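Please take a moment with the picture before I start talking.

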Amino acid sequence: SSSNSVYQLFSFGSENGVIECWDPRSLKRVAQVNVAQLLNGQTESDDIQITAMKYDDSGLGLCVGTSTGHVLLFDIRSPAPRLIKDHQYGSPINQVCWKPEKRQIISSDSKILKIWNKDDGVNFTSIEPAHNINDFYAVPNSGMIFTALESEKVGAYFIPQLGIAPKWCSFLDSITEELEEESSTSVYEDFKFVTRQELDNLGLQHLLGTNLIRPFMHGFFISMALYHKAVSISDPFSYQNYRKQKVKEKVESEYSSR
């Protein structure tokens with residue numbers, strides 16, 4: 001459920017995938033949207049529930065999370081969503097949050113927390129803790145995010161691109177500046193990017209939803225070690241073919257230079 005303080009509305013999400021908006025002044029339902037029907041064709045599940053909801057500060061935007069791992073952005077003046085974001089894990093969305101100063105949305109399921117653009121759905125970054133995520137809290141006007149995990153400790157993350165550090169931990173800004181001066185390697189330096197078709201050809205589709213495969217844009221990142229191992233199993237002669245091709249190219253190059 002979520003309340004709209006601007007237009008004095010209370011919205012509730014049901015287990016059958018329906019959102020109802022009520023006006024407490026008239027004690028009547030003023031609107032209803034069937035999210036389950038809107039997701040028809042985008043998921044194989046017939047059991048679609050509303051698991052998270054949040055209005056933005058303007059009162060016109062409504063962010064909705066479902067049990068199938070989808071996040072829908074609504075303008076309450078229209079029954080059709082203006083954007084649908086798929087987390088690609090199939091796990092229920094447990095929390096959503098607006099980041100209006102950066103035009104971003106933060107959403108999480110048990111596996112991953114994603115930060116993405118509210119206009120086009122493009123990912124900004126993501127957080128994958130070692131333990132399952134139950135909830136999160138983004139400190140307003142800051143780059144600090146706390147996650148409630150299936151562990152004894154609370155996850156604390158600071159992302160400078162989202163905002164400055166809160167006053168009670170302003171030292172993080174100076175630490176970040178020092179780290180930026182040091183050279184760093186790419187996060188995906190030791191990973192291989194593959195499409196969904198390549199993933200199926202390698203026989204790794206059963207690993208979807210695990211930490212071994214990281215969704216990214218139109219494909220996935222997998223470790224180079226896992227990729228080479230999968231290639232050697234699916235095509236044991238790939239290295240020999242590669243070596244023959246290189247020898248052939250070298251012979252042709254020497255022949256053409258004569």
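This is a predicted model: local features need pLDDT of at least 70, side-chain atom pairs count only at pLDDT 80 or more; totals for chains, interfaces and linings use all residues.

Residues are numbered from 1 along each chain as its sequence is written, and side-chain values use heavy atoms, with hydrogens and water left out.

Let me begin with the sheet near the start of the numbering. Strands of a sheet pair through backbone hydrogen bonds, either parallel or antiparallel. Here four strands form an open sheet in the order 1-2-3-4, with antiparallel pairing; strands are DSSP runs of E with at least two residues, helices are runs of H or I with at least four, and both are numbered from the N terminus, while two strands count as paired if DSSP finds at least two bridges between them. At the edges are strand 1 (2–4) and strand 4 (28–34), each of which pairs on one side only. From one strand to the next the twist averages 20°, where axes are lines fitted to C-alpha atoms, for helices over the stretch in contact, and angles run from 0 to 180 degrees between N-to-C directions. Strand 1 is joined to strand 2 (residues 9–13) by three bridges, and S2 stands opposite S11 in strand 2.

The other sheet is also open, with three strands in the order 16-18-17 and antiparallel pairing. Strand 16 (191–195) and strand 17 (213–216) are at its edges with a single partner strand each, so one side of each has no neighbour in the sheet. The twist here averages 30° from one strand to the next. Four bridges pair strand 17 with strand 18 (residues 219–223) in the antiparallel sense, and R214 stands opposite F221 in strand 18. Helix 4 (residues 224–234) packs on this sheet, touching strand 16 and strand 18, and its direction makes about 95° with that of strand 18; contact means heavy atoms within 4.5 Å.

Now to the cysteines: how many disulfides does a search of the whole structure find? The search finds zero, a disulfide being a pair of cysteine sulfur atoms within 2.5 Å. For C21, the closest cysteine sulfur is in C63, at 14 Å, which is too far for a bond. For C63, the closest is in C97, at 9.0 Å, again too far for a bond. C63 is buried, with a relative accessible area of 0% (buried means under 20%, exposed over 50%, partly exposed in between, with a 1.4 Å probe and protein chains only).

C97 brings us to the second largest pocket, which is lined by 17 residues, with C97, W98, P100, A138 and P140 nearest its centre. A pocket is an open set of points on a 1 Å grid over the protein atoms alone, where a 1.4 Å probe fits, with protein on both sides within 12 Å along at least five of seven lines, and lining residues have an atom within 4 Å of a point. Strand 9 gives the most to this lining, with five residues.

Finally, I112 is found in the loop between strand 10 (104–108) and strand 11 (113–117). I112 is buried, at 2% relative accessible area, and the residues it touches, not counting those up to four places away in sequence, include H87, Y89 and I133.
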